[in-house]
Amino acid sequence: MKKVDTHAHIFDASKSVVADARYRPGYTASVERYIEHLDEHGFDYGVLIQPSFLGSDNTQMLAAIARYPDRLKGIAVVSEDTDIETLRSLKQQGIEGVRLNLFGKPIPDLTQVSWQIFLSNIAQLGWQLELHCPPAYMLHMMPALQHHQGAIVLDHFGRVDPQLGVHDPDFLKLLDALDPERYWVKVSGYYRLGAADQGKDNAREALKLLLDRNMQSQLVWGSDWPHTQHEQEISYQATVAFMNELLGETELKDNILGKNPCLLYSLQS
């Protein structure tokens, strides 16, 4: 079974970022370095995620995929008024879905006509909708996504609130509302769930709660390389080490690294 890292970013520090960027990296995360990480740790495929600070200019990510088309797929950022022909062009270039990073932004009204058309278009393409947002945002959007036909992917354990932990009522309501046939969760970015041991503890507890809700076939792993805003304390090796500790040498680990992501990202297993 092939192994997949489903979450990484590449960017060039010399390129401009969007005006309202919450974070501006002072270094380059090259696709060559990312491929080296994949090779070093035995991963066959990687999925590049468009970082929020580059907005909807997916140029760098598309160039990286074009350089390693047999190894990489991508999740793009586009505006909801993007026409389907543009989306089809992105699909031909290795894009498998779109991401909404809603931290620091208002909750979009997915019931609006423009959003409904957009959601219909991405479902028609067989794309996933990847959401990076607090649990309360997801609860607000879920009714509008009730009849969405495509896969819906939640980033970083569903973004457990570091202060409230997994017993946050909103997080528990979110878990209870997950449909195992429609929703996927990335068991990634544990260090975004709290500092040091707190983040690891929240990740362990969140995984148990997900498994209790029969989500084992809907979980995928990602390194979150280069660990933006946490570069000083986290490395690729550290994320792999925690993943090994979290999952052990089990069938669950094999599925999270192989079977599940190959299905989600249309990769040859």
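Start with helix 6, residues 169-177, where F171, L174 and L175 are buried. Buried means under 20% relative accessible area, exposed means over 50%, and partly exposed is in between, with a 1.4 Å probe and protein chains only. Those three cover an arc of only 95 degrees around the axis, so they sit on the same side of helix 6. The arc is taken from the directions that run from the helix axis to the C-beta atoms. The general rule: an α-helix has 3.6 residues a turn, so residues three or four places apart point the same way. On the face of helix 6 turned away from the buried side, the exposed residues are P169, K173 and D176.

A word on the source. This is a predicted model, with local features needing pLDDT of at least 70 and side-chain atom pairs counting only at pLDDT 80 or more, while totals for chains, interfaces and linings use all residues. Residues are numbered from 1 along each chain as its sequence is written, and side-chain values use heavy atoms, with hydrogens and water left out. Helices (H or I, at least four residues) and strands (E, at least two) are DSSP runs, numbered from the N terminus.

Now the rings. How many aromatic pairs does the structure hold? There are 8. Rings of Phe, Tyr and Trp (its six-membered ring) pair if their centres lie within 6.5 Å; planes under 30 degrees apart count as stacked, over 60 as edge-to-face and the rest as tilted. Take F11 and F53: they are edge-to-face, 5.1 Å centre to centre, with 80 degrees between the planes. That pair links distant parts of the chain, 42 residues apart. F11 lies in the loop between strand 1 (4-8) and helix 1 (31-40), and F53 in the loop between strand 2 (45-49) and helix 2 (59-67). F11 counts as buried because its relative accessibility is 3%. F53, at 4%, counts as buried too.

Next, Y34 and W225. Their ring centres are 5.7 Å apart and their planes at 20 degrees, so this pair is stacked. Y34 is in helix 1, W225 in the loop between strand 8 (219-220) and helix 8 (236-247), 191 residues apart. Both Y34 and W225 are buried.

Ring pairs also build a cluster of F11, Y23, Y27 and F53.

A pocket, on a 1 Å grid over the protein atoms alone, is an open set of points with protein on both sides within 12 Å along at least five of seven lines; lining residues have an atom within 4 Å of a point. Grid points are joined across faces, edges and corners, and a volume is the space filled by probe spheres set on the points.

The largest pocket comes to about 440 Å³. Of its 22 lining residues, S52, V77, N101, L102 and K105 are the closest to its centre. Strand 4 (residues 95-101) gives the largest share of that lining, 3 residues.

The second largest pocket has about 280 Å³.

Key
1 Å grid on protein atoms, 1.4 Å probe; cavity = no way out; pocket = protein on both sides within 12 Å on 5 of 7 lines; lining within 4 Å.
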